[in-house]
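Please keep the sequence and the coordinates at hand while reading.

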Amino acid sequence: MLLINPTMRKILFTFSLAAMANWGYSQTIIHRNPEIAQMVSEISSDSLEAHVRRLASFNTRHTLSTDSQNGMPAAQDWVLSKFQTYATDANGRMTAEIERFTIPGDGRRIEQDSPGANVVATLKGTDPNDTRIFIISAHMDSRNKNVMDAENPAPGANDDGSGTAAVIELARVMASHSFPATIKFVAFTGEEQGLKGATYMSDKAQEEGWNIAAVLNNDIVGNSESSGTLIKDNLKMRVFSETIPASESEREAAIRRYSGSDNDSKSRQLARYIKEVGERYVDQFEVKLIYRPDRFLRGGDQTSFARNGFTAVRMSEMNEHFIHQHENVRVEDGIQYGDLPEFMDFEYLRKVAAVNLASLATLASSADQPQQVQIDVRGLSNHSILLWEAPKVGKVKGYYVLMRETSSPVWEKKFYTTETNLTIPYSKDNYFFAVQSVSENGSESLAVFPSPLTR
Ligand SMILES: [Zn+2]
């Protein structure tokens with residue numbers, strides 16, 4: 001029998017704690033691209049607050065509002081004018097337009113065919129061979145308690161003036177910079193009536209074969225307090241991403257079951273990317289990965305894109321205050337209801353906008369993803385063999401092969417190589433892998449999960 005005296009026990013306990021700490025944590029190297037860091041630093045909470053207050057000052061931004069002085073058409077003209085002002089910094093590469101279309105009547109939240117409009121600024125990529133489009137979006141339309149009320153006040157400061165302000169602010173900061181790929185800054189209409197504006201754009205994109213590489217949809221991103229549980233916390237945000245793709249085919253489902261890649265949809269890869277790059281550039285902020293397409297009882301415009309097979313996530317605040325969403329502006333029992341700017345946290349909104357900018361700028365300055373990414377599963381071996389082809393557009397200096405435990409939510413190791421294959425002495429059975437390209441300026445592409453090479 002081994003006897004341990006209290007001093008020995010204390011030493012052993014301290015030792016095991018230290019060992020656990022070493023096992024649980026590894027170093028993260030923060031390496032910021034100076035141009036992107038500069039853009040991130042230009043995002044201003046004052047500027048965001050001014051955008052939100054202007055948006056909330058229109059009587060309503062209801063989709064069916066026809067008031068050209070103080071309703072949705074006036075608000076859309078105002079967003080267009082902001083985009084047009086920023087476009088003057090872009091040497092002719094940025095265009096802005098109001099995309100008009102007919103929202104088909106559905107007998108529900110759109111009684112009859114009605115006019116709809118998305119406000120869009122496009123910052124054209126500098127590489128004529130690069131067809132990729134990255135979208136940052138939010139919905140401009142607001143609502144009060146009655147989703148059909150297009151007349152009475154609906155300030156929509158946080159839902160979704162906050163997201164719209166972030167879109168406007170990114171257009172302001174990014175207009176004077178150039179990227180090889182194209183960026184679209186979009187203020188959708190009709191979200192509250194059933195994702196109408198986003199559905200129009202994603203259907204058009206599918207019909208016309210747009211190469212949409214990622215959609216960052218921002219919806220309710222400017223408040224840091226929870227109702228009910230009374231949490232105040234400006235240190236975290238959420239990124240929602242679908243687990244099983246809404247557009248998955250039978251064949252894709254079979255490959256997913258075989259590979260065990262339930263946690264590796266394209267949208268999930270985008271969410272991980274936003275977490276890594278966002279936390280690289282934004283201090284005192286954590287990006288939480290939420291493994292669902294959206295919250296219970298609620299939806300968002302990212303869903304229209306995911307349904308059509310595009311890579312799309314929802315950015316949202318960590319804590320929601322339901323007294324300030326979808327409510328008529330009123331005081332009841334001394335409590336102020338309604339979605340008003342006074343309940344927002346603009347420093348918090350700055351951090352969310354900064355995560356968007358860091359992610360979007362890194363993506364748009366990256367080379368395209370590696371092609372034909374495969375993992376060789378033809379033999380029984382305790383090595384993993386990954387192979388891929390260079391991307392069709394963009395200058396690549398090398399690749400990261402990413403690795404993680406099958407139970408880990410995030411990538412844990414990166415192996416850098418300048419080749420287009422890698423063999424490593426870790427069993428393919430025990431880890432998940434992906435490959436991303438690294439451009440000459442260091443920007444990483446989205447990670448590609450390998451398909452199994454079976455013969
Ligand atoms: Zn919303």
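**A guided reading of the predicted model**

Gln284 counts as exposed, because its relative accessibility is 60% and the cut-off for that class is over 50%. The model in which this residue is seen is a predicted one. Gln284 is placed in the loop that runs between helix 8 (266-281) and strand 7 (286-290). Its backbone has a positive phi of about 55°, although the residue is not a glycine. As background, most residues other than glycine have a negative phi, and most peptide bonds are trans.

Leu297 presents a related case. This leucine has a phi near 70°, a positive value in a residue other than glycine. Leu297 belongs to the loop between strand 7 and helix 9, and it counts as exposed because its relative accessibility is 89%. A further backbone feature concerns the peptide bond from Asp159 to Asp160, which is cis, with omega near 0°. Asp160 is located in the loop between strand 3 and helix 5 (161-174).

The whole chain may now be considered. Its secondary structure consists of 10 helices and 17 strands. Along the principal axes, the C-alpha trace spans about 80 × 60 × 45 Å. Of the 455 residues in the protein chain, 54% are buried. Among contacts with a separation of 6 or more, 76% join residues 24 or more positions apart.

Which residues of helix 6 are buried? They are Lys196, Gly197, Ala198, Met201, Ser202 and Ala205. The cover over these buried residues includes strand 1 (94-103), strand 2 (114-123), strand 3 (132-139), strand 4 (182-188) and strand 5 (211-218), together with helix 9 (302-307). Just after helix 6, Gly209 adopts a positive phi of about 70°.

Strand 1, one of the elements covering helix 6, contains Ile98. Is Ile98 buried or exposed? It counts as buried, because its relative accessibility is 16% and the limit for burial is under 20%. Not counting residues up to four places away in sequence, Ile98 touches Gln76, Asp77, Leu80, Ala117, Asn118 and Val119. The C-alpha atoms of Ile98 and Ala187 are separated by 9.6 Å, while the two residues are 89 residues apart along the chain.

Lys266 in helix 8 gives another pair to examine. Lys266 is exposed, because its relative accessible area is 59%. Lys266 and Ala354 are 88 residues apart along the chain, and their C-alpha atoms are separated by 22 Å.

Leu387 is part of strand 12 (residues 384-389), and Leu453 is part of strand 17 (residues 451-453). Leu387 counts as partly exposed because its relative accessibility is 27%, whereas Leu453 is buried, with a relative accessible area of 13%. Leaving aside neighbours within four places in sequence, the contacts of Leu387 are Gln372, Val373, Gln374, Asp376, Thr420, Asn421 and Leu453. With the same exclusion, Leu453 is in contact with Gln374, Ile375, Asp376, Val377, Arg378 and Leu387.

Leu387 and Gln374 are 13 residues apart in sequence and 5.4 Å apart in space. Leu453 and Glu42 are 411 residues apart in sequence and 46 Å apart in space.

Technical notes:
Residues are numbered from 1 along each chain as its sequence is written. This is a predicted model: local features need pLDDT of at least 70, side-chain atom pairs count only at pLDDT 80 or more; totals for chains, interfaces and linings use all residues. Side-chain values use heavy atoms; hydrogens and water are left out. Helices (H or I, at least four residues) and strands (E, at least two) are DSSP runs, numbered from the N terminus. Buried means under 20% relative accessible area, exposed over 50%, partly exposed in between (1.4 Å probe, protein chains only). Contact means heavy atoms within 4.5 Å.
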